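Good morning, and thank you for coming.

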Amino acid sequence: MAKGKTTQVRRGEAKLYLEKAVQFIEQARSGLDAGRNDAALLDAIHAAISATDAATIALAGVRSTDPDHRRAADLLEEVAVPEGRERARQLRALLTRKNTVEYESRKASVRDARDGVERSGRIVDWATEVLAKARI
């Protein structure tokens with residue numbers, strides 16, 4: 001099992017995490033359209049984290065509870081072979097921006113926000129497919 005803290009979750013709960021991911025990505029897209037780049041990027045990051053949880057729950061009945069979100073990417077890579085590697089890479093790219101956008105004074109650029117929303121959207125779309133294939 002991946003490094004970091006995890007918890008067992010009923011597979012049916014994957015849908016709830018996906019619903020959160022969809023809410024976050026929709027809000028991210030809305031923020032991007034309104035020029036709220038910081039909010040768009042942060043919502044995109046949260047969408048990707050929730051989508052990752054949905055996918056790992058659907059595939060293995062487990063999700064990361066580690067405070068370091070990179071452990072969620074590790075878990076995804078482990079349980080979603082082979083496509084999990086690419087999604088984990090996308091999640092890690094988003095996570096490198098989390099502290100900056102959430103806790104530092106530097107503002108997210110339009111380019112950063114757009115890229116983050118696009119990356120996150122791909123993760124959410126993929127997680128949606130994972131749950132559909134798992135009939136959840």
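Let us begin with Thr52, which is buried, its relative accessible area being 2%. Please bear in mind throughout that this is a predicted model. Thr52 has its place in helix H2. Which residues does Thr52 touch, once its neighbours within four places in sequence are left aside? They are Ala72, Leu76, Leu91 and Ile123. Another pair gives a sense of distance: Thr52 and Glu118 are separated by 66 residues in sequence, and their C-alpha atoms are 15 Å apart in space.

Two of the contacts of Thr52, namely Ala72 and Leu76, bring us to helix H3, which spans residues 70-79. The buried residues of H3 are Ala72, Ala73, Asp74, Leu75 and Leu76. What covers these buried residues? The cover includes strand S1 (6-8), helix H2 (37-60), strand S2 (62-64), helix H4 (84-95) and H6.

Let us now step back to the whole chain. The protein has six helices and two strands, and along the sequence they follow the pattern β-α-α-β-α-α-α-α. The radius of gyration is 14 Å, close to the 14 Å that the globule rule gives for 136 residues, so the protein is as compact as a globular protein of that length. Along the principal axes, the C-alpha atoms fill a box of roughly 35 × 30 × 20 Å. Of the 136 residues, 46% count as buried. If we take contacts between residues at least 6 apart in sequence, 73% of them join residues at least 24 apart.

What lies in the interior? In soluble globular proteins, nonpolar side chains tend to be buried together. Here the largest nonpolar core has 38 residues, and those with the most contacts inside it are Ile45, Leu91 and Leu131. Helix H1 (14-33), H2, H3, H4 and H6 each supply at least two residues of this core. H2 gives the most, with 13 residues. As for Ile45, its contacts beyond four places in sequence are Leu94, Leu95, Arg97, Lys98 and Val101.

We turn next to the surface and the charges. The protein exposes about 7,300 Å², of which carbon and sulfur atoms supply 46%. There are 25 positive and 21 negative side chains, and the centres of these two sets lie 2 Å apart.

Leaving aside neighbours within four places in sequence, Arg119 is in contact with Arg89, Gln90, Ala93, Leu94 and Arg97. Arg135, by contrast, is found in the segment after H6, and at 78% relative accessibility it counts as exposed. The phi angle of Arg135 is near 60°, a positive value in a residue other than glycine.

The peptide bond from Val81 to Pro82 is cis, with omega near 0°. Pro82 lies in the loop between H3 and H4.

Thank you for your attention.

Definitions and conventions
Residues are numbered from 1 along each chain as its sequence is written. This is a predicted model: local features need pLDDT of at least 70, side-chain atom pairs count only at pLDDT 80 or more; totals for chains, interfaces and linings use all residues. Side-chain values use heavy atoms; hydrogens and water are left out. Helices (H or I, at least four residues) and strands (E, at least two) are DSSP runs, numbered from the N terminus. The radius of gyration is taken over C-alpha atoms; the globule rule is 2.2 Å times the number of residues to the power 0.38. Buried means under 20% relative accessible area, exposed over 50%, partly exposed in between (1.4 Å probe, protein chains only). Contact means heavy atoms within 4.5 Å. Accessible areas come from the Shrake-Rupley method with a 1.4 Å probe; for residues, only the protein chains shown count as cover. Lys and Arg count as positive and Asp and Glu as negative; His and the chain ends are not counted. The place of a charge is taken as NZ of Lys, CZ of Arg, CG of Asp or CD of Glu. A nonpolar core is a set of buried Ala, Val, Leu, Ile, Met, Phe, Trp, Tyr and Cys residues joined through side-chain atoms within 4.5 Å.
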